[in-house]
Amino acid sequence: AQATVTTVTIDHVVIRASRSFDAVRTALEAALPPIDHRYASLVASGQADAARALLERGAPLSIFGSRDHGALLRIAGLERKAIQYDIGNPLTATRMTRHALSAALYAPIRVLLREDADGHAVFEYDSPATTFGQFGDPEVERVARDLDAQLRSALQAAAG
């Protein structure tokens, strides 16, 4: 086995909200619906057109899943509010991975919502434009820039 290492520069985005963690979490989860996982069953059963139609009727961005990192910190005796979300769209992902399959490493996008020391919510994520830009494919970069704008807009709206 042979390994290669490439250094990549990534823009890390921080969006500070003027509202509480709970208010921002509620706004985000109201704005971005959970992904309809039926698309995966349709693809697996050879119904790609039906899967595509289902996804096309869905939201531009959805929540694939979430993990409560704040609860996990209880193991260390800490009490924090922090939720990690996987946010994206399978159709957007395929628009990139058809050109650079390695882009699948970063789709969906991980977004952290955490409570700051002052009680306000903070979003953090790595910019899709720079994350996917490492693959050097113009089509992937174009889609990633659009995704970057969509994600930032959705998070800023939830942040208030």
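Glu56 counts as exposed because its relative accessibility is 54%, where exposed means over 50% relative accessible area, buried under 20%, and partly exposed in between (1.4 Å probe, protein chains only). The model is predicted, so local features need pLDDT of at least 70 and side-chain atom pairs count only at pLDDT 80 or more, while totals for chains, interfaces and linings use all residues. Residues are numbered from 1 along each chain as its sequence is written, and side-chain values use heavy atoms, with hydrogens and water left out.

Glu56 sits in helix H3 (residues 48-56). Helices (H or I, at least four residues) and strands (E, at least two) are DSSP runs, numbered from the N terminus. Between the C-alpha atoms of Glu56 and Arg25, which are 31 residues apart along the chain, the separation is 25 Å.

**Helix H7**

Helix H7 covers residues 138-159, and its end C-alpha atoms lie 31 Å apart, which agrees with the 32 Å that its 22 residues should span at 1.5 Å a residue. That expected span is 1.5 Å times one less than the number of residues. The buried residues of H7 include Val140, Val143, Ala144, Leu147, Leu151 and Leu155, and also Asp148. Seen down the axis of H7, its buried residues fall within an arc of 150 degrees, so they line one face of the helix; the arc is that of the directions from the helix axis to the C-beta atoms. Pro138 and Ala157, on the other side of H7, are exposed. At the N-terminal end, Asp137 caps H7 with a side-chain oxygen 2.9 Å from the backbone nitrogen of Glu139.

In helix H1, Phe21, Val24 and Leu28 are buried. They cover an arc of only 70 degrees around the axis, which puts them on the same side of H1. Thr26 and Ala30 are exposed on the other side of H1. The buried residues of H1 pack against E1, E3, E4, E5 and H7, with contact meaning heavy atoms within 4.5 Å.

A nonpolar core is a set of buried Ala, Val, Leu, Ile, Met, Phe, Trp, Tyr and Cys residues joined through side-chain atoms within 4.5 Å. The largest one has 31 residues, and among those touching the most other members are Ile87, Met96, Phe132 and Leu155. Elements that give two or more residues to this core include strand E1 (12-20), helix H1 (21-31) and H7. H7 gives the most, with 9 residues. Leu155 touches Ile15, Leu28, Val111, Phe123 and Tyr125, not counting residues up to four places away in sequence. Another core, of 6 residues, lies apart from it and includes Ile35, Leu42, Leu54 and Leu55.

**Strand pairing**

Two strands pair if DSSP finds at least two bridges between them. The table lists two pairings.

| Strands | Bridges | Direction |
|---|---|---|
| E3 and E4 | 6 bridges | antiparallel |
| E4 and E5 | 5 bridges | antiparallel |

Gln84 stands opposite Leu112 in E4, and Arg114 has Val122 in E5 as its bridge partner. The hairpin of E4 and E5 has 4 residues between the strands, and in this hairpin Gly119 takes a positive phi near 90 degrees. Pro108 lies in the loop between helix H5 (90-97) and E4. The peptide bond joining Ala107 and Pro108 is cis, with omega about 5 degrees.

How values were computed: Polar contact = N/O pair within 3.5 Å; in protein donor to acceptor, adjacent residues only side chain to side chain.
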